[in-house]
Amino acid sequence: IQKEIFTFEIKKELYKQRETFKRDLEGFQNFLLLLRNLNLNIECRKEIENYFCFQIFCWSWLCVNTRCISYSNKDDQLNEDIALVPMLDYLNHSTN
């Protein structure tokens, strides 16, 4: 018999986070497509495309999403807003 590791609430949050990641990745991919359609010279465009890869997206996404606070906007019940609070990150660190 296999015991469940996560509660229903944790599974729900993980699913929500995965959907947010997928949505943000899709937006990132659309941004790259937009760059390809811009009238940039070929060297500039290739440099940008080489820099903006999946690994950079993951690193950036995790930096933001592990250091932000999410809150609901009264006017927009469907979407959650986030705010970066750089000094809040210091609460996780010891003074020693």
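**Exercise 1. Find which rings are linked into a cluster by ring pairs.**

Solution. Start with the rule. Rings of Phe, Tyr and Trp (its six-membered ring) pair if their centres lie within 6.5 Å. Planes under 30 degrees apart count as stacked, over 60 as edge-to-face and the rest as tilted. Ring pairs link F21, F28, F57 and W61 into a cluster. The model is predicted: local features need pLDDT of at least 70, side-chain atom pairs count only at pLDDT 80 or more, and totals for chains, interfaces and linings use all residues. Residues are numbered from 1 along each chain as its sequence is written, and side-chain values use heavy atoms, with hydrogens and water left out.

**Exercise 2. Count the aromatic pairs, then classify F21 with F57.**

Solution. The count is 3 aromatic pairs. Now take F21 and F57. Their ring centres are 5.5 Å apart and their planes stand at 55°, so the pair is tilted. Helices (H or I, at least four residues) and strands (E, at least two) are DSSP runs, numbered from the N terminus. F21 sits in helix α1 (residues 8–37) and F57 in helix α3 (residues 54–65), so the pair ties together parts 36 residues apart in sequence.

**Exercise 3. Classify the pair of F21 and W61.**

Solution. The centres are 4.9 Å apart, with 90° between the planes. This aromatic pair is edge-to-face. F21 belongs to helix α1 and W61 to helix α3, so the pair ties together parts 40 residues apart in sequence.

**Exercise 4. Decide whether F57 and W61 are buried or exposed.**

Solution. Buried means under 20% relative accessible area, exposed over 50%, partly exposed in between (1.4 Å probe, protein chains only). F57 has 9%, and is buried. W61 has 10%, and is buried. Now turn to the chain. Of its 96 residues, 8% count as buried.

**Exercise 5. Describe the fold pattern and the spread of the chain.**

Solution. The chain has 3 helices and 2 strands. Along the sequence they follow the pattern α-α-α-β-β. The radius of gyration (taken over C-alpha atoms) is compared with the globule rule, 2.2 Å times the number of residues to the power 0.38. The chain's value is 18 Å, well over the 12 Å that the rule gives for 96 residues, so the chain is more spread out than a compact globule. Along its principal axes the C-alpha trace spans about 55 × 45 × 40 Å.
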